[in-house]
Amino acid sequence: MNVSVVLFTSDLRLHDHPPLRAAGDGNGQIVPLFVRDRAVDTAGFAVPNRLAFLADCLRDLDGALRERGGRLIVRSGDLVEQVCRVVTEADADEVHMASEASAHAHRRERRLRRALEAQGCRLHVHDTVTTVVAPGGVTPASSDHFAVFTPYFRQWSGQHLRGVLGAPRVVRVPDGVTSEPLPSRADLRGLSEGLAPGGEAAGRRRLSHWLRGGVAAYEDRHDDLAADATSRLSPHLHFGTLSPVEVVHRARAAGGPGAEAFVRQVAWRDFHRQVLAARPDAAHRDYRTRGDHWRSEQEAEADVAAWKEGRTGYPVIDAAMRQLRHEGWMHNRARLLTASFLTKTLYVDWRVGARHFLDLLVDGDLANNQLNWQWVAGTGTDTRPNRVLNPLIQAKRYDPDGGYVRRWVPELAGLDVPAVHEPWRLTGLERAEIDYPDPIVDLAAGLRRFREARERA
Ligand code: FAD
């Protein structure tokens, strides 16, 4: 009987899963395998919040496989070695997995292909599992990737999407292939208190709920910080508990301007992946250098510490940084503001901020995180690289009633606008009653430093 290994990576689901469908087509046996890749751990990506979400995902996947007569096999170590070992144990003929954009994923795929070939086993790598349109699936006439989102999105929108695949009804796993115990969230320390639960079932529930309700108002409300009116699907898209192709099909079926605006955001995910696939170095180096001599974390130690702790004296920035620590997630507008504040107002290297985000974000994702940081720092794909977001103006626009600040900065919970955004306006006596720092930087001075640095470059 034909035996296939399905190697799960960032696609921890059974619905709309092309590798699983391809492996199951022959009606043979399947080994559903997840390898906790040592290289991912040593590269600093295994942080508590994402490990907890991952543990939920693996348990959920195992449960869903058991309902179908199967189970999940979990191994840890060098991914290539582990896959080859399982192939031998199961006497498998082929391995199916999803394509991914990073340099690490490309190297891993090449090594795995060579090692499997030496064993007489074929590797099948499937596109449109972790993206809607594969990197390189649409390209401009003169380059291997798009460097500007709007023309990318125009072509992306015109692509014909494959249909959504159902989950398999039965999964037959060969006997005798052993698994390590599944990891558990309970074994982890240092988690954000408000961390969302992971797993395909939770992701599907959230998507259905979102498409029935919130998405209709998305266009008008997605930037409203206090309303919290975005989908919060990012960790599910990151771990692949939801298929981006299915998300787009279902959002388009829901229809309306809210759904259209939402699909546009999902396209940003693909956009960053096609940039990273073409320029893998952009994960760590400027995509477009502007000659910056950023301040390092050591040079700006006190400023960086205040930023990380949410004690900059700018309430909207502090609210956002505290949300990040508490939930392992942050609203997109807040990500823009805090990243602009660190890179442009404090003139600190974007890599310092990107690292901190990756340490905490449950959706922390190499392509989305690094390239969004570069976008904000003006070293990426923003066509206006010198724009600086003023936290006061932004706070008044996107948190007009101060509800977001009051939620996350309890010291200021008793204040109304405008004081909640500008506590330094209070009288000396009122100010003395609040344990909240003075601003660590003068916005005008920060702006001058940034402009002068860019002019010198
Ligand atoms: P929604 O507004 O509901 O959008 C739907 C989906 O579209 C998101 O789940 C996400 O997958 C995608 N999306 C939305 N905005 C963007 C964007 N700007 N770029 C790429 N994809 C987008 N997103 C991550 O998934 N992981 C990260 O590590 C990450 N780091 C970021 C760092 C900075 C400095 C900035 C400015 C943005 C970052 N983003 C990142 C993008 C964006 O902020 C989040 O995807 C979004 O806030 C997630 O919330 P949501 O699911 O409610 O989004």
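Let's start with helix 20, where Leu443, Gly446, Phe450, Ala453 and Arg454 are buried (under 20% relative accessible area, with exposed meaning over 50%, 1.4 Å probe, protein chains only). Looking down the helix axis, these buried residues sit within an arc of 95 degrees, so they line one face; the arc is taken from the directions between the axis and the C-beta atoms. On the face turned away from that buried side you'll find Glu455 and Arg456, both exposed. The cover over the buried residues includes helix 14 (332-345), helix 16 (366-377) and helix 17 (391-398).

A quick word on the source: this is a predicted model, where local features need pLDDT of at least 70 and side-chain atom pairs count only at pLDDT 80 or more, while totals for chains, interfaces and linings use all residues. Residues are numbered from 1 along each chain as its sequence is written, and side-chain values use heavy atoms, with hydrogens and water left out.

Now for the nonpolar cores, meaning sets of buried Ala, Val, Leu, Ile, Met, Phe, Trp, Tyr and Cys residues joined through side-chain atoms within 4.5 Å. The largest has 87 residues, and Trp156, Phe262 and Tyr404 have the most contacts inside it. Helix 11 (residues 257-278) gives the most to this core, ten residues. Domain 2 (131-162 + 200-278) and domain 3 (301-456) each supply at least three; those bounds come from an automatic or database domain assignment.

Zoom in on Trp156: leaving out residues up to four places away in sequence, it touches Val132, Val133, Val248, Arg252, Val263, Ala267 and Asp270, a contact being heavy atoms within 4.5 Å.

Methods. Helices (H or I, at least four residues) and strands (E, at least two) are DSSP runs, numbered from the N terminus.
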